[in-house]
Amino acid sequence: MKKVMTTVASVVLSALAYSGSVQASEVVFDAALDCQARNTTQGIRYVPACDFETNRLITADSYNNLSSGSFMSDANFKTTLNYDFTCESLKPLSISLAMVGDGVEKLTADIAGSPTSNIDVASITHSYLLSALKLKSLNGATGFQAIKPGCQMSVDALVSYPDPAYFKALVNGIKQMDMTLAFLLSVASPSADYITALNAIENGITMLVFQKDMAFDDLMKDLIQLAIDDLQNAKNTLSVNCQANSSSTYCSQALANTRGTLSALIDNNNSQLSEMKTFLNNQLSWLSGQSADLRGDLEALQGVYNLL
């Protein structure tokens with residue numbers, strides 16, 4: 001399955017699978033502690049060299065309640081960082097971060113200090129169950145540099161959860177496929193002739209191919225392709241068993257098998273929607289107890305749950 005990663009802000013974040021937690025206002029850089037103090041005509045200033053723990057990993061608060069082998073294992077998730085990087089200096093200071101997924105650095109970005117203290121929010125979507133935020137380097141702390149007192153970066157929250165936009169598209173995609181399959185099942189009734197059923201299946205395959213072409217990512221495309229393959233097999237079976245001079249018994253059985261195929265596909269879709277509802281319900285219960293600023297994602301995720 002192709003991994004998808006899209007930056008939503010200028011910072012790279014962390015994981016879904018639970019492996020630790022972020023302490024409230026965890027300081028990752030403090031010029032007063034990590035750099036050299038110098039008395040100047042303008043007061044205390046901090047200068048290089050500065051101690052900075054490179055390649056430090058920070059894990060996110062998350063709740064991994066995915067069952068083993070779940071079809072959602074390749075879905076997109078979102079990690080949101082709440083941080084405060086307050087810093088005034090002669091030359092700009094920034095910290096390079098990296099997303100680590102499957103043990104490999106996938107994406108890097110920088111965050112820069114701000115002269116005023118405020119909690120900033122940045123987020124990223126990703127599909128890595130095992131990932132982490134890596135603090136790669138402190139930039140600008142070399143050569144002639146003077147840093148004012150109060151220069152500090154803290155991580156106030158780091159939370160991973162299902163990406164609301166992705167899961168909304170996934171729910172709608174499965175429901176759209178279900179509507180096509182339900183229509184085919186209604187046409188392939190026990191009293192239907194095989195020509196009608198065959199034409200309906202051909203039209204259904206065409207509709208599903210269109211839906212697949214319009215699908216938003218590989219997970220949805222794979223789900224639709226499974227339905228297309230089953231319908232193609234049903235079509236071939238009908239063609240063989242219901243052609244001229246074929247046994248009516250064989251043809252009736254082929255029609256019954258077609259209905260069984262359609263029912264099984266619909267049942268599988270309903271099972272996936274039910275699994276998703278349980279998963280999102282548990283995620284919502286957990287997220288509601290978190291103090292992170294998710295910028296409306298909790299409400300958006302509740303909206304996805306309400307669709308189920």
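**Exercise 1. A charged residue in a helix**

In which helix is the place of Arg 259? Determine also its burial and its surroundings in this predicted model.

*Solution.* 
Step 1. Arg 259 belongs to helix α5, which spans residues 248-287.
Step 2. Arg 259 is buried, yet it has no salt bridge. The nearest side chain of opposite charge belongs to Asp 193, at a distance of 11 Å. A salt bridge requires a side-chain nitrogen of Lys or Arg within 4 Å of a carboxyl oxygen of Asp or Glu.
Step 3. With residues up to four places away in sequence left out, Arg 259 touches Leu 185, Ala 188, Ser 189 and Pro 190.

**Exercise 2. Phe 167 and the aromatic rings**

Describe the contacts of Phe 167 and its pairing with Tyr 166.

*Solution.* 
Step 1. Apart from residues up to four places away in sequence, Phe 167 touches Met 72, Ala 75, Asn 76, Phe 77, Pro 162, Met 276, Phe 279, Leu 280 and Val 304.
Step 2. The count of aromatic pairs is 5. In one of them, Tyr 166 and Phe 167 have ring centres 5.8 Å apart and planes at 65 degrees. Planes over 60 degrees apart count as edge-to-face, so this pair is edge-to-face.
Step 3. Tyr 166 and Phe 167 are both buried.
Step 4. One aromatic cluster is formed by Phe 77, Tyr 166, Phe 167, Phe 216 and Phe 279.

**Exercise 3. Asn 241**

Is Asn 241 buried or partly exposed, and which backbone oxygen lies 2.9 Å from a polar atom of its side chain?

*Solution.* 
Step 1. Asn 241 is located in helix α4.
Step 2. The relative accessible area of Asn 241 is 21%, so the residue counts as partly exposed.
Step 3. The backbone oxygen in question is that of Thr 237.
Step 4. Asn 241 and Tyr 194 are separated by 47 residues in sequence and by 9.7 Å in space, C-alpha to C-alpha.

**Exercise 4. Salt bridges**

How many salt bridges does the structure hold? Characterise the pairs that involve Lys 148, Lys 235 and Asp 293.

*Solution.* 
Step 1. The structure holds 5 salt bridges.
Step 2. Lys 148 pairs with Glu 88, with the closest N and O atoms 3.9 Å apart. The partners are 60 residues apart: Lys 148 is in the loop between β10 (131-139) and β11, whereas Glu 88 is in the loop between β6 (77-86) and β7 (94-101). Lys 148 is partly exposed at 35% relative accessibility, and Glu 88 is partly exposed at 38%.
Step 3. Lys 235 forms a salt bridge with Glu 202, the closest N and O atoms lying 3.6 Å apart. This pair joins helix α4, which holds Lys 235, to helix α3, which holds Glu 202, across 33 residues. Glu 202 is partly exposed, at 31% relative accessible area.
Step 4. Asp 293 forms a salt bridge with Arg 295, with a closest N and O separation of 2.9 Å. Asp 293 is partly exposed at 32%, whereas Arg 295 is exposed at 55%.

Methods
Residues are numbered from 1 along each chain as its sequence is written. This is a predicted model: local features need pLDDT of at least 70, side-chain atom pairs count only at pLDDT 80 or more; totals for chains, interfaces and linings use all residues. Side-chain values use heavy atoms; hydrogens and water are left out. Helices (H or I, at least four residues) and strands (E, at least two) are DSSP runs, numbered from the N terminus. Buried means under 20% relative accessible area, exposed over 50%, partly exposed in between (1.4 Å probe, protein chains only). Lys and Arg count as positive and Asp and Glu as negative; His and the chain ends are not counted. Contact means heavy atoms within 4.5 Å. Rings of Phe, Tyr and Trp (its six-membered ring) pair if their centres lie within 6.5 Å; planes under 30 degrees apart count as stacked, over 60 as edge-to-face and the rest as tilted. A polar contact is a pair of N or O atoms within 3.5 Å; within protein, one must be able to donate a hydrogen and the other to accept it, and residues adjacent in sequence count only if both atoms are side-chain atoms.
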